[in-house]
Amino acid sequence: MAEHNNLGALGETVARRYLESNDYLILETNWRFGKLEADIIACKEGQIVFIEVKTRTTDYYGDPEDFVDRKKQKAYIRLANAYILGNDRTEEARFDIISIIVGGPEQEPQVKHIVNAFTTIG
């Protein structure tokens with residue numbers, strides 16, 4: 001497995017643990033619709049939450065969440081619509097980003113949870 005794949009898998013594991021410790025119910029991980037993929041789909045407080053996880057070793061080139069551009073947001077919205085329709089979900093949808101900087105082996109990962117990071121409007 002390529003190093004960036006290992007980093008992504010580590011970030012998703014950290015994100016899942018973070019979400020579970022904050023009372024999110026994980027419904028799906030790495031859910032696919034065609035070529036699109038949702039890192040994590042969860043529920044909390046009557047909402048279905050689609051979560052993009054961005055993991056980096058450093059913020060030298062910018063914060064990880066800065067790399068969720070408008071194209072990625074539109075793809076996530078299409079994917080969310082497919083999931084909601086295909087699974088007869090009735091909850092309000094929300095789009096979050098979990099930004100993780102793992103740093104070195106002796107450092108705890110830095111987790112930033114951006115709630116409602118983007119919307120279907122605009």
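Which side chain of opposite charge is nearest to the buried Asp39, and how many Å away is it? In this predicted model, the nearest such side chain is that of Lys72, 6.0 Å away.

Asp39 sits in strand 2, which covers residues 36-44. Its side chain reaches the backbone nitrogen of Val53 at a distance of 2.8 Å. Leaving aside residues up to four places away in sequence, Asp39 touches Val53 and also, among others, Glu12, Glu28, Ile51 and Tyr76.

The aromatic residues come next. A pair of aromatic rings is described by how far apart the centres are and by the angle of the planes. The structure holds 5 aromatic pairs. One of them joins Trp31 and Phe33, which are stacked, with 6.5 Å from centre to centre and 0 degrees between the planes. Trp31 counts as buried because its relative accessibility is 17%, under the limit of 20%. Phe33, at 42%, counts as partly exposed.

Trp31 also pairs with Tyr83, this time edge-to-face, at 4.9 Å centre to centre and 90 degrees between the planes. Trp31 belongs to strand 1 (residues 25-33) and Tyr83 to helix 2 (residues 70-86), so this pair ties together parts that are 52 residues apart in sequence. Tyr83 is buried, with a relative accessibility of 3%. Trp31, Phe33 and Tyr83 belong to one aromatic cluster that also includes Phe50, Phe95 and Phe118.

A ring can also have a charged residue over it: Arg56 lies over the face of Phe67, 4.8 Å from the ring centre.

Methods
Residues are numbered from 1 along each chain as its sequence is written. This is a predicted model: local features need pLDDT of at least 70, side-chain atom pairs count only at pLDDT 80 or more; totals for chains, interfaces and linings use all residues. Side-chain values use heavy atoms; hydrogens and water are left out. Helices (H or I, at least four residues) and strands (E, at least two) are DSSP runs, numbered from the N terminus. Buried means under 20% relative accessible area, exposed over 50%, partly exposed in between (1.4 Å probe, protein chains only). Lys and Arg count as positive and Asp and Glu as negative; His and the chain ends are not counted. A salt bridge is a side-chain nitrogen of Lys or Arg within 4 Å of a carboxyl oxygen of Asp or Glu. A polar contact is a pair of N or O atoms within 3.5 Å; within protein, one must be able to donate a hydrogen and the other to accept it, and residues adjacent in sequence count only if both atoms are side-chain atoms. Contact means heavy atoms within 4.5 Å. Rings of Phe, Tyr and Trp (its six-membered ring) pair if their centres lie within 6.5 Å; planes under 30 degrees apart count as stacked, over 60 as edge-to-face and the rest as tilted. A charge sits over a ring if NZ of Lys or CZ of Arg is within 6 Å of the ring centre and within 35 degrees of the ring normal.
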